[in-house]
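Look at the sequence and the model below.

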Amino acid sequence: GRDRRRRGRPSHRSGYCRLSLMKWLTMGLVAALLTAACSGGDGPMREAGQPGVVRSGSISVFELMVGDCLADPSEASIPSEVDALDAVPCSQPHRLEVFAVVAVETGDDLYPGESAVTAQADAGCLGEFPGYTGVEYFAQSALYFTYIYPTLDSWSANDDRDIVCVVGSAQTLNGSVKGAGGALPLVDSGS
């Protein structure tokens, strides 16, 4: 089997409580953390000097970069571990965007354990949130964050040492949240 990374749970606004999977589903945030089929063909394409992808496609979680926007997949199957996600240009409808990649800190090269990794993910992603979005996390209610973090298997087999921080919105976006502050690039509902 392929080595995978475990998806984090979204951070809740009242401290660092974790939401249940059902609540996360209703907010529409976890849906984008589905594993995508590793099909052949053309994957996402990047342009030098541009954040995010310029062509949609399945992308390995090990290749995610700051500025990548993630498609809103169906909620049919939500695995706890993922190895690929569907990336889309940020100008297309989406609800999730990579806003930071944080290295796992460890005193040696041993896997520090899931609880230590998720504690670092909570603190690291929270610390990076205002610099990317332009707004303090606890000063707003429109955005949330979650993360993808190394498992023992990915740590050992792939030298995986990064936490991928992902900002999510309950509303569909049609642009990046980078520097958006309170003015989110929302898709017009047409009503």
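## The end of helix 2

Helices (H or I, at least four residues) and strands (E, at least two) are DSSP runs, numbered from the N terminus. This is a predicted model, in which local features need pLDDT of at least 70 and side-chain atom pairs count only at pLDDT 80 or more, while totals for chains, interfaces and linings use all residues. Residues are numbered from 1 along each chain as its sequence is written, and side-chain values use heavy atoms, with hydrogens and water left out.

## Length and cover of helix 2

Helix 2 has 20 residues, and at 1.5 Å a residue it should span 28 Å. The expected span is 1.5 Å times one less than the number of residues. The end C-alpha atoms of helix 2 are 27 Å apart, so the model agrees with that expectation.

Several residues of helix 2 are buried, among them Val117, Ala121, Cys125, Leu126 and Phe129. Buried means under 20% relative accessible area, exposed means over 50%, and partly exposed lies in between (1.4 Å probe, protein chains only). Strand 6, strand 7 (143-150) and strand 8 are included in what covers these buried residues. Leucine 126, which is placed in helix 2, counts as buried because its relative accessibility is 17%. In sequence, leucine 126 and phenylalanine 145 are 19 residues apart; in space, their C-alpha atoms are 8.0 Å apart.

## The two disulfides

How many disulfides does the structure hold? There are 2 disulfides, a disulfide being a pair of cysteine sulfur atoms within 2.5 Å. With the bonded cysteines numbered in sequence order, the pairing is 1-2, 3-4.

The link is left-handed, with -85° about the S-S bond, and both cysteine 125 and cysteine 165 are buried.

The other disulfide joins cysteine 69 to cysteine 90, with an S to S distance of 1.8 Å. Cysteine 69 lies in strand 3 (residues 69-70) and cysteine 90 in the loop between strand 5 (84-88) and strand 6 (94-103), so the pair ties together parts that are 21 residues apart in sequence. The link of cysteine 69 and cysteine 90 is right-handed, with 95° about the S-S bond. Both cysteine 69 and cysteine 90 are buried.

## The whole chain

The protein has 3 helices and 8 strands, in the order β-α-β-β-β-β-β-α-β-α-β along the sequence. Of its 191 residues, 46% count as buried. Among contacts (heavy atoms within 4.5 Å) with a separation of 6 or more, 66% are between residues 24 or more positions apart.

## Confidence

The mean pLDDT of the protein is 78, and 72% of the residues reach 70 or more. pLDDT is the predictor's confidence in each residue, from 0 to 100. Among the elements, helix 2 has the highest mean pLDDT (97) and helix 1 (residues 21-27) the lowest (31). Over residues 11-41 the pLDDT is below 50, and this stretch has 85 contacts in the model beyond near neighbours in sequence. Where pLDDT is low, the predicted coordinates should not be read in detail.
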